[in-house]
Amino acid sequence: MNAVEWYFVLAALLFCIGAYGVLARRNLIIVVMSLELMLNAVNLALVAVANFVPAAAGRGTLFVLFVITIAAAEVTVGLAIIIANYRNRRTVQADEYHDMKG
Amino acid sequence: MDAQAATAVNNSIEVILPLIVVSAGALAVLVADLFLGPRTKGLLAWLAAAVLVVTMAVAVGQWVTFSGGLSFSGRAPEAGFADMVVMDKFGLFFVLLFGAAGLLTVLLGDAYLAARGAARGEFYALLLLVIAGMIGLATATDLISFFVAFELMSLPTYVLAGYARRDPLAGEASLKYFINGAFSSAILLFGFAVLYAISGSTTFSAISAGLEEPSLGQGAAMVGFVLIAAGFGFKIAAVPFHGWAPDAYQGAPTPVTTFMSVGIKAAAFAGFLRLFAAAVLPAWEVWTPILMVLAVVTMIVGNVLALPQRNIKRLLAYSSIAHAGYLLLGIIALGETGDQYGSSAVLVYLVAYTFMNVGAFGMLVFMRNSRPFFRYTLEELRGYGRTAPLPALALTLFMLSLTGIPPTAGFWGKFYLFSAVVDAGQTWLAIVAVVMSAVSAFYYLRIVWYMYFEAAPDVLIPGESTALPASAGAVAAVAQGDHREVAERPAGDAGSSTVMSTIAADDPAARAEPSAAPLHADRQPIDAHLVETDTGTVAALLVAAAGVLFIGIWPQGLVWAAQGAVRLLGGG
């Protein structure tokens, strides 16, 4: 395997840890942290491609800057939604939110 | 700055002119909100509507003066910002569609928000920001601008879904939508990273060229496209990524649900249609089977799960999942044939779907505004055909259109989609789609059945029977332009239970919510006096009904426009 592939394996591992956190953890704050981990795993993959694939130089690092900004906006909105919900129900446990089913 | 660079900047500005108008409008609404008092907040709706009208006018002007004759997969003279965005007829077509969907939502939203005494400034600002993101998505020709627009569209929608923030259901809807949406964005982004690694570029035209000689193997491409399809599937609520949709649709305020079901879906299809047509068409053998699986599963599961629903909002949520399945057929046809017939069928369907779904959800807004205890259940529709003949007729029209019965817009939408997929040699997919359309007739027409053939309950049940004369009163009020006057008049012609119910409606005790769910603001009776007039909702319904009938009777104009829009999209 060449360098890019090793970085992609690492990124995929981090991504899966994040995905596991989103799917399995109940605390909403930790869910948001796991979402951030997923985005950062992608950032790692993007920089690796930009660095090691000669034809692909440039755009990947640019992409990462945008992803970092968007991740910040996303976590802002997410925490605001969690706080609004906390005021209604006094809990940040995901499994307490089950009013709608079917 | 030399002259050449200045021209390039001017071109770039012109490319994103509709986007600039909408974004500036969103900020203008926010600022105007600060200076308007409680009595003049209604002006904000007019301001938002004016912004959308200007945007659409700009788009019409650009369409008329459109000079392009080159392939628009990124290298046209109209491409701006280092090939990041392009404003071609495809983009302009969607600017007009998003503008129309936004205008209808403003019309629906105003009376709904006023009745709850909700703040209106942020609502319109967020709505305009979502539309800005949608326009960006339809015009993006680079993975970077695509992702930025995708998030600009998604983030305000999470907030809008929870707009009634004291309502726990709306909060739950917003939360589920956010977590699922952010999760899917990350998956999509990883797919983009893989695509970038394979093709060596993020620009659509360069991806297309790079995929002819991919740097990684077929397996990597498969992984990448599965991830992209998953992100796409989440956004359009395709099975098995649909889990959030019924909850988010049910819990969100109904005008927001309307917009989510038509606007977001149309924008996601616009963005991904361009991605599939202009960037990844060379790899069609890899992604078409993935979309086929998605389409079949979505059509079957969406329609079957809609069958047992008793809550109309939830039923329409499953129906909109099913419609996403039909729409995927157009992209499959594009992949199989490489020509743009399938793409134009998707555009036709999205326009038809916008009108009929705005109509269906708009009817829910209308009933909710006119009946203080309306809970969106099928049972409450009993006798609606007798107490409110015109609204019942409108709802019937929208249900027929959603089923796909001529002469409505829904029929032509399905006709072009299914014939596109037959032309692509995938007749079995068309057969599945037709069979599932027949299944969908069962739950759509059941709504009609309840309105006309189930007798209205004549026992006075708190929370249900008061609603019937109220709706009759509201219909009369719309006709006469003054709600309060009619509400106070003992209308003796609206059915036998009228007098008793009018008394009940005036009795404060009868207004009290049954103790089951006291916290749920969206379920609490609204103050009917705050619904000054329901003119906006009625106007939106009239436009939707006119659109459904117009396209149903004369689809050719729309088909021409759609074919013009996709001609230069890329591919064959």
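This report describes a predicted model of chain A and chain B, beginning with their interface.

Because the model is predicted, local features need pLDDT of at least 70 and side-chain atom pairs count only at pLDDT 80 or more, while totals for chains, interfaces and linings use all residues. Residues are numbered from 1 along each chain as its sequence is written, chains are lettered from A and ligands numbered from 1 in the order in which they are written, and side-chain values use heavy atoms, with hydrogens and water left out.

**The interface**

In chain A, 44 residues are in contact (heavy atoms within 4.5 Å) with 47 residues of chain B. The two chains bury about 3,800 Å² between them, 75% of it on carbon and sulfur atoms. Buried area is the accessible area (1.4 Å probe) that two parts lose on being put together, summed over both. A:Arg59, A:Phe63 and A:Met100 supply 22% of the area that chain A buries against chain B, more than any other three residues.

The rule finds two salt bridges across this interface; a salt bridge is a side-chain nitrogen of Lys or Arg within 4 Å of a carboxyl oxygen of Asp or Glu. A:Arg59 forms a salt bridge with B:Asp142, and the closest N and O atoms are 2.3 Å apart. Helix H1 (3–24), H2 and helix H3 (59–89) of chain A each supply at least two residues of the side that touches chain B. Helices (H or I, at least four residues) are DSSP runs, numbered from the N terminus. H3(A) gives the largest share of that side, 17 residues.

**Helix H2 of chain A**

Helix H2 (residues 28–52) of chain A has 25 residues and reaches 37 Å from its first C-alpha to its last, close to the 36 Å expected at 1.5 Å a residue. The expected span is 1.5 Å times one less than the number of residues.

**Backbone features**

| Peptide bond | Form | Omega |
|---|---|---|
| B:Val239 to B:Pro240 | cis | near 5° |
| B:Pro406 to B:Pro407 | cis | near 0° |

B:Pro240 is in the loop between helix H9 (218–236) and helix H10 (244–251) of chain B. B:Pro407 lies in the loop between helix H16 (389–403) and helix H17 (409–423) of chain B.

**Confidence**

The model scores ipTM 0.96 and pTM 0.87. For chain B the mean pLDDT (the predictor's confidence in each residue, from 0 to 100) is 83, and 81% of its residues reach 70 or more. Over residues 459–524 of chain B, pLDDT stays under 50.
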